[in-house]
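I opened a notebook page for this structure. My entries below follow the order in which I looked things up.

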Amino acid sequence: QVQLVESGGGLVQAGGSLRLSCAASGRTSSSYAMGWFRQAPGKEREFVAAISWSGGNTYYADSVNGRFTISRDNAKNTVFLQMNSLKPEDTALYYCAASLGLSTATRTYDHWGQGTQVTVSS
């Protein structure tokens, strides 16, 4: 079992930046790909970004491509999401998740954190 804990959320003005972190513990010896997802009130959870175990491959949703950057530090079992040029529509609860294969599909992720709230004011 893998435990995931997100941090770094908060309130920021439009155009600002935040850096989310996701710390993994437990059975971290497996080669998990990691993803970030988000869910706004009244909406379905959606894919944001994903990164392979090695960090050599990344995927981004069109809505964040060019503004967000996903990275990982395997020595520290931590994944990051650098979010720049934030917009009010980025407001959501952000989750990190672990999957045995790199994917953009929610259903392929087996382990999830509790989420961290990001609020972008206009």
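Entry 1: The model I am reading is a predicted one. With the term settled, I turned to the hairpin of β4 and β5, where six residues lie between the strands. In that hairpin G42 has a positive phi near 80°. β4 and strand β5 (residues 46-51) are joined by five bridges and pair in the antiparallel sense.

Entry 2: Six of its seven residues are buried, so β4 is largely enclosed by the rest of the structure.

**Entry 3: a four-strand sheet.** Which order do the strands of the open sheet of four follow? I read it as β1-β3-β8-β7, with antiparallel pairing. β1 (2-7) and β7 are at the edges with a single partner strand each, so one side of each has no neighbour in the sheet. From one strand to the next the twist averages 15°. Within this part I looked at β3 and β8, which run antiparallel and are joined by six bridges. L18 has M83 as its bridge partner in β8.

**Entry 4: the disulfide.** I searched for disulfides and found one in the structure. It is formed by C22 and C96, whose sulfur atoms are 1.9 Å apart. The two cysteines come from distant parts of the chain: C22 is in strand β3 (residues 18-26) and C96 is in strand β9, 74 residues apart. The torsion about the S-S bond of C22 and C96 is about 50°, so I wrote the disulfide down as right-handed. Is C22 buried or exposed? C22 counts as buried, because its relative accessibility is 1% and the limit for that label is under 20%. C96 is buried as well, with a relative accessible area of 1%.

**Entry 5: D90 and its surroundings.** I next picked D90, which sits in the loop between β8 (78-83) and β9 (92-99). D90 counts as buried, because its relative accessibility is 0%. What does D90 touch, leaving out residues up to four places away in sequence? I listed R38, R67, F68, S85, V118 and V120. With R38 there is also a polar contact between the two side chains, at 2.9 Å.

**Entry 6: salt bridges.** How many salt bridges does a search of the whole structure find? The search gives three. A general point stands behind the search: side chains of opposite charge can pair when their charged atoms come close.

I started with E46 and R38, whose side chains meet in a salt bridge at 2.6 Å, N to O. E46 is partly exposed, at a relative accessible area of 35%, whereas R38 is buried, at 6%.

R38 also forms a salt bridge with D90, with the closest N and O atoms 2.9 Å apart.

D90 in turn forms a salt bridge with R67, where the closest N and O atoms are 2.8 Å apart. This pair also links distant parts of the chain: D90 is in the loop between β8 and β9, R67 is in the loop between β6 (58-60) and β7 (68-73), and they are 23 residues apart. I checked R67 for cover and found it buried, with a relative accessible area of 12%. Through shared partners, the salt bridges join R38, E46, R67 and D90 into one network.

Conventions:
Residues numbered from 1 in each chain as written. Predicted model: local features only at pLDDT ≥ 70, side-chain atom pairs only at ≥ 80, totals over all residues. Heavy atoms only, no water. Buried < 20%, exposed > 50% of the residue type's maximum accessible area, 1.4 Å probe, protein only. Polar contact = N/O pair within 3.5 Å; in protein donor to acceptor, adjacent residues only side chain to side chain. Contact = heavy atoms within 4.5 Å. Salt bridge = Lys/Arg side-chain N within 4 Å of Asp/Glu carboxyl O. Disulfide = S-S within 2.5 Å. Pairing = 2+ DSSP bridges. Axes fitted to C-alpha atoms, helices over the stretch in contact; angles between N-to-C directions.
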